[in-house]
Amino acid sequence: MGRLAACLVVVVATAMGAAAAEANPASDPDLAEAQRRFQRATELYAENNLGAALAEFRKAYSLSPNYRVLYNIGQVCYLLDDSPCAYTAFSDYLEQGSDEIGDKRREEVRRDLA
């Protein structure tokens, strides 16, 4: 569980930033809202308000789907002891991230799924 929580911080810092690099937030209001929701989710996570953080991560993903956010959703679900949610999010992360996910991260997620 500690490894998952530590990894969340790394992914949180980069996921929506990568989405922003792929699109112009000024021209995409959904992306801008997704980034706000993602930032709020990270704040809620830091406050240990996991239920609210999960809701914000999910909203961010629904506004601007980015496979990286699925990793965060999976970790929060794991910390909330919601195994079906974690399994689905991590599986979708691996599927949608495809070749963009590094070998080390892919193996970590596969171990977590097992």
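User: Which residues in helix 3 do the residues in helix 2 meet?

Analyst: On the helix 2 side we have D30, E33, A34, R37, F38, R40, A41, T42, L44 and Y45, with a contact meaning heavy atoms within 4.5 Å. Before going on: this is a predicted model, where local features need pLDDT of at least 70, side-chain atom pairs count only at pLDDT 80 or more, and totals for chains, interfaces and linings use all residues. Residues are numbered from 1 along each chain as its sequence is written, and side-chain values use heavy atoms, leaving out hydrogens and water. The helix 3 partners are L50, A52, A53, E56, F57, K59, A60 and L63.

User: And what is the overall run of elements from the N terminus on?

Analyst: Helices (H or I, at least four residues) and strands (E, at least two) are taken as DSSP runs and numbered from the N terminus. On that basis the chain has six helices and zero strands. Read from the N terminus, that gives α-α-α-α-α-α.

User: Are helix 2 and helix 3 roughly parallel or antiparallel?

Analyst: Their axes (lines fitted to C-alpha atoms, for helices over the stretch in contact) sit 8 Å apart. The angle, on a scale from 0 to 180 degrees between N-to-C directions, is about 165°. Under 35 degrees counts as roughly parallel, over 145 as roughly antiparallel, 65 to 115 as roughly perpendicular and the rest as oblique. That makes helix 2 and helix 3 roughly antiparallel.

User: In which hand does helix 3 pass helix 4?

Analyst: The axes of helix 3 and helix 4 come within 10 Å and cross at roughly 160°, which makes this pair roughly antiparallel too. A crossing is left-handed if the near helix is turned anticlockwise from the far one by less than a right angle, and right-handed if clockwise. Here the crossing is left-handed.

User: Which residues in helix 6 does helix 5 meet?

Analyst: The two axes come within 10 Å and cross at roughly 150°, so helix 5 and helix 6 are roughly antiparallel. Helix 5 passes helix 6 in a left-handed crossing. Helix 5 brings Y87, F90, S91, Y93 and L94 to the contact, and helix 6 answers with R105, R106, V109, R110 and L113.

User: Where does the disulfide sit, that is, which residue does it join to C77?

Analyst: A disulfide is called for a pair of cysteine sulfur atoms within 2.5 Å, and the count comes to one. C77 is buried because its relative accessibility is 0%, given that buried means under 20% relative accessible area, exposed over 50% and partly exposed in between (1.4 Å probe, protein chains only). The S to S distance is 1.8 Å, and the partner is C85.

User: Is D81 buried or exposed?

Analyst: D81 lies in the loop between helix 4 and helix 5. Its phi is near 60°, a positive value in a residue other than glycine. With a relative accessible area of 67%, D81 is exposed.

User: What is phi of S98?

Analyst: S98 lies in the loop between helix 5 and helix 6 (103–113). At 36% relative accessibility, S98 counts as partly exposed. As a residue other than glycine, S98 has a positive phi, near 45°.

User: Last one: how far apart in space are D92 and R68?

Analyst: D92 lies in helix 5 (residues 83–97) and is partly exposed, given its 28% relative accessibility. Not counting residues up to four places away in sequence, D92 touches L70 and G97. R68 is 24 residues away from D92 in sequence, and the C-alpha to C-alpha distance is 10.0 Å.
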